[in-house]
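Please view the sequence and the structure below before reading on.

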Amino acid sequence: MLSKTVVHQCRRGGSARLRKNGHADNGAQQAKCLECGRTFTLSPKGPRYDQRFKGAGGSPPTRTA
Ligand SMILES: [Zn+2]
């Protein structure tokens, strides 16, 4: 299996020394750079977290609004 390892880097100095810093209102992970102290939002949830694929073993919540 291939697994992508997403390495978040500081958008300012490119440092990978980040610390998780809670979540934004939209649920996006926020991080704080330990180098420069800058706080920013990481990439939102990827497609692999899509709710369409979450109904494993059961009936998927198919909504037709
Ligand atoms: Zn930084």
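**Overall composition**

- The secondary structure of the protein chain consists of three strands and zero helices.
- Read from the N terminus, the elements of the chain follow the pattern β-β-β.
- The protein chain has 65 residues, of which 3% are buried.
- Of the contacts between residues at least 6 apart in sequence, 13% join residues that are at least 24 apart.

**β1 and β2**

- β1 pairs with β2 (residues 29–33) in the antiparallel sense, over four bridges.
- The two strands β1 and β2 form a hairpin with five residues between them.
- In the turn of this hairpin, G27 has a positive phi of about 90°.
- R19 stands opposite K32 in β2, and H23 stands opposite Q29 in β2.

**β2 and β3**

- Three bridges connect β2 and β3, which pair in the antiparallel sense.
- β2 and β3 also form a hairpin, again with five residues between the strands.
- The turn between β2 and β3 contains G37, whose phi is positive, at about 80°.
- A31 stands opposite F40 in β3.

- H23 is found in strand β1.
- Is H23 buried or exposed? H23 has 12 other C-beta atoms within 10 Å, and a residue with 12 or fewer counts as exposed, so H23 is exposed.
- With its neighbours within four places in sequence left aside, H23 is in contact with A28, Q29 and Q30.
- Q29, one of these contacts, is also the residue that H23 faces in β2.
- H23 and L42 are 19 residues apart in sequence, and their C-alpha atoms are 9.4 Å apart in space.

**Confidence in the model**

- The protein chain has a mean pLDDT of 76, and 69% of its residues reach 70 or more.
- Which strand has the highest confidence, and which the lowest? Confidence is highest in β1, at a mean of 91, and lowest in β3, at 87.
- Where pLDDT is low, predicted coordinates should not be read in detail.

Key: Residues numbered from 1 in each chain as written. Predicted model: local features only at pLDDT ≥ 70, side-chain atom pairs only at ≥ 80, totals over all residues. Pairing = 2+ DSSP bridges. Buried ≥ 20, exposed ≤ 12 C-beta atoms within 10 Å, placed from the backbone. Contact = placed C-beta atoms within 7 Å. pLDDT = per-residue confidence, 0-100.
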